[in-house]
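Please look through the protein model shown here, and then follow the questions and answers step by step.

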Amino acid sequence: MDQVEDYATSSSSHVTSRDSYVREEDLGLSAEELQVLEQENDDMYTELTALSSEVHNIEGTVMEISRLQEIFTEKVLAQAEQISEVHRTAVETTENTRSGNEELREAIKNSAGFRVWLLFFFVMASSCLLFLDWYN
């Protein structure tokens, strides 16, 4: 970029200093041709200046994108830690639910066995009472 500006300033300095070093007769160019060449020089200088301005704008945009990408990376890393924590909690919850379901199944099975024993006890107690009532 600086080279473009250096070239642009040096080419404009050649235009002003050209008059002192080179005469029109030495070049063999007419006044119209010199005017066309000067116009082309001015056009190129304007174009290079505009290009330099665009490069500065693009550089600023790229710097802004870089800054935003750094912020984005920080946020993603922070979210990665949170996601890891959520995943760990979800795994623990799944294990706890599985363990709770197994405990419920055993409680239901034990409850059924307890009911059978309770029913057997009441039947035997009733039978004993009936036997004692009959024996008496």
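Salt bridges along a helix

E85 is partly exposed, its relative accessible area being 38%. The model is predicted, so local features need pLDDT of at least 70 and side-chain atom pairs count only at pLDDT 80 or more, while totals for chains, interfaces and linings use all residues. Residues are numbered from 1 along each chain as its sequence is written, and side-chain values use heavy atoms, with hydrogens and water left out.

Q: How many helices and how many strands does the protein chain have?
A: Helices (H or I, at least four residues) and strands (E, at least two) are DSSP runs, numbered from the N terminus. Read from the N terminus on, the elements of the protein chain run α-α-α. The count for the protein chain is therefore three helices and zero strands.

Q: What percentage of the 136 residues in the protein chain is buried?
A: A residue is called buried under 20% relative accessible area, exposed over 50%, and partly exposed in between, using a 1.4 Å probe and protein chains only. Among the 136 residues of the protein chain, the buried share is 4%.

Q: Is R67 buried, partly exposed or exposed?
A: The relative accessible area of R67 is 41%.

Q: What is the distance between the closest N and O atoms of R88 and E85?
A: R88 and E85 are three residues apart in helix 3, which means that about one helical turn separates them. R88 is partly exposed, with a relative accessible area of 38%. These two residues form a salt bridge, and their closest N and O atoms are apart by 2.4 Å.

Q: Which residues are linked with R88 in a network of salt bridges?
A: R88 also forms a salt bridge with E92, with the closest N and O atoms 2.4 Å apart. R88 and E92 both lie in helix 3, four residues apart, about one turn of the helix, and E92 is partly exposed at 39% relative accessibility. The residues linked with R88 in the network are E85 and E92.

Methods:
Salt bridge = Lys/Arg side-chain N within 4 Å of Asp/Glu carboxyl O.
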